[in-house]
Protein chains: 2
Amino acid sequence: MEERKKQVLNAIIKDYIANAEPVGSRAVAKKYGLGVSPATIRNEMSDLEEEGYIEQPHTSAGRIPSAKGYRYFVDHLMERERLTSAQLKAVRQAMRGEVSEMEEFMRSCCNMISQLTHYTALVAMPEQGRGTLENIQLVPVSDHQVLVVLLASTGIIRHKLIELPMEVKSDDLAYIEQKMRQHLCGKEIKAISYEMLRDMLADYQIREKMAEQALELIEQTLTKETAHKIFTGGVMNMLSQPEFRDIDKLKSMFALIEEDDKLEKLLNSADSDRLTVTIGGEMPVEGVEDCSMVVANYFVNGEKAGSIGVLGPTRLNYGRTVSMMEFIASELSRVMSDKDDKNNKNK
Amino acid sequence: MEERKKQVLNAIIKDYIANAEPVGSRAVAKKYGLGVSPATIRNEMSDLEEEGYIEQPHTSAGRIPSAKGYRYFVDHLMERERLTSAQLKAVRQAMRGEVSEMEEFMRSCCNMISQLTHYTALVAMPEQGRGTLENIQLVPVSDHQVLVVLLASTGIIRHKLIELPMEVKSDDLAYIEQKMRQHLCGKEIKAISYEMLRDMLADYQIREKMAEQALELIEQTLTKETAHKIFTGGVMNMLSQPEFRDIDKLKSMFALIEEDDKLEKLLNSADSDRLTVTIGGEMPVEGVEDCSMVVANYFVNGEKAGSIGVLGPTRLNYGRTVSMMEFIASELSRVMSDKDDKNNKNK
DNA sequence: GATAGCACTCTCCCTCATCGAGTGCTAACA
DNA sequence: TGTTAGCACTCGATGAGGGAGAGTGCTATC
């Protein structure tokens, strides 16, 4: 694409992102010193429209970027925005939280992201398959109830009260606990299988039923339930976006955000290692055609651990948001890797 | 108030609740067979307006109920609506959940309420001061970290990872755990004080610092943090209410719902033992003048344990909502009292 | 190739007239 | 005295008409 056309496209997109209103040739010529007259800009714009980068809401309005236009912008024109010291500080502040309480930590990250970006934040917990089972604790609650507490090396802590079909004496419980620890602690979580636990307990001939339930819990809580847990924050930020002044649009978008599996699909659609920008129709689920998404992954000791993302209108401030997400993801990776190292050293 | 005037007021309110549009004299005369002409109704309406029960948005519109009108309606005219068998079933279904996992249970109640009423549900966890500390467990995580797990007789389970300022050997930990159990289990939670724990540990001369942190945790998690935890559900239901078609109204209302302390104030404003209906301006916080609230308390063995409520527009379907909330609260009381009994028997 | 000029298009906004729902008042009626 | 029919009146909603203004596309000119 010729240099001037790029500049015109750049100007249109920047202006539209800032003001949410169609941009005319005059405005481009005036505000973004290209040194040519509006008429010249008009010719360029006409070309850009023909090529599908911009469109006209109606004949006598200015132009707005199309999805293709945003895509070109993100790929070729966009400049990262330097974060202000206040923003850097806010990120680092949120990272100071206790990483060991993973859920709490993720929640606060989520809030920080939404406050910083003014969009809706999506944060996926670190993948649970990763890491090892650190500790397992069985706490007697009553004759028929046992509280199972699980600790994973990733910092996830889970508890669940399980009802037992028979009475279990606390001596037995201690024995089972010990056996479970011997066999399971230090194992990769994804390697722990139903069969494995059953076999182990078959050897010892104790309390098969309970073992089954306990294992079910391990699988459920450490893999299924929480593996896919996605925190959302700043959903209400959407209310301030002019593109969502329409209640029906809001409704369909909020409905989507409440569906965990769709959110997951959204976040996981960006599974490349690098930061990913998804624009409008590129989204893998229905109902967010007016939205764009920026997703960054975070890594623990070089291995992908999870994703963070923001969802906003296609008129997203890509430059700013991309910078922020990159920085946040790198900080997150750093903090969580530190934590991981410390964990490994402690053992 | 004369009988016919009551009937007119009743008709106006019922109609407005159903259709969200000003009600004219003709509509009242026609749909609600009072056997008199619109002109007669007009006279009654004129009186009702003078007395402040209804108002006119503008001269040539019908009448809408005022807050005073709703109040009279709720106090004198409203008929409870019988729940359908499907509704009864839905409530009982939600109650079948595992009560022992209190938070999960409350969350599901919250969802059930919002789905059933189509309004926003507010559910306050059982008060934490109530009940006793059942068990306390210290799980070593690393040299400097201990996971403290607390069980309360009310079914609340809490865990928290605490960082220790010094290394603690697992033998020491076991000892501390034992001492804590001896001294704290079975005690009323609200009776456990900072001083109490400190004194106890001063006797044994061990690990004061850790004790302090542990106690802080007990206080924090069992009283402060969760005592005031309020679940919300169905916030998005508000989007379907015509009175919230205005984005700004939505914004201010959502902002309020995100403030936990204001929510608490709302729920607690109805501290009488009976079910309470709060209408518009009667609300104890700013920004919900267009809303009404129905709050019911639930009881465990005769003692008030917590509250459930719904928040909707003043044009709330009071008859239906009141019936529902009464039924749900009574079921909740029953289920939780059962659980309590079972707990006490197990010991 | 760039630009100035100009006719053209379309939205936005204002005004005006009409329509209809609903009222309040008055006079008549039971 | 309470009820009703009739009627004039009010006021919002709706839609047509008419600038004003923004922005375009086209053409002729530099």
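A salt bridge is taken here as a side-chain nitrogen of Lys or Arg within 4 Å of a carboxyl oxygen of Asp or Glu. By this criterion, 0 salt bridges are counted between chain B and chain A. The model is a predicted one, in which local features need pLDDT of at least 70 and side-chain atom pairs count only at pLDDT 80 or more, while totals for chains, interfaces and linings use all residues. Residues are numbered from 1 along each chain as its sequence is written, chains are lettered from A and ligands numbered from 1 in the order in which they are written, and side-chain values use heavy atoms, with hydrogens and water left out.

Contact between the two chains (heavy atoms within 4.5 Å) involves 33 residues from chain A and 31 residues from chain B. The buried area, defined as the accessible area (1.4 Å probe) that two parts lose on being put together, summed over both, is about 2900 Å² for chain B and chain A, and carbon and sulfur atoms give 62% of that area. Polar contacts are pairs of N or O atoms within 3.5 Å; within protein, one atom must be able to donate a hydrogen and the other to accept it, and residues adjacent in sequence count only if both atoms are side-chain atoms. Between chain B and chain A, 4 residue pairs are in polar contact, both residues being at pLDDT 80 or more.

Helices (H or I, at least four residues) and strands (E, at least two) are DSSP runs, numbered from the N terminus. On the side of chain B that touches chain A, two or more residues come from each of strands E4 (133-142), E5 (145-152) and E6 (157-163) and helices H10 (247-257) and H12 (318-346) of chain B. E4(B) gives the most, with 6 residues.

The same surface serves both copies, since 100% of the contact residues of chain B recur in chain A.

DNA strand D has 21 residues around it (a heavy atom within 4 Å), of which A:Ser25, B:Arg4, B:Thr40, B:Thr59 and B:Ser60 come nearest. A polar side-chain atom of A:Ser25 lies 2.6 Å from a phosphate oxygen of DNA strand D.
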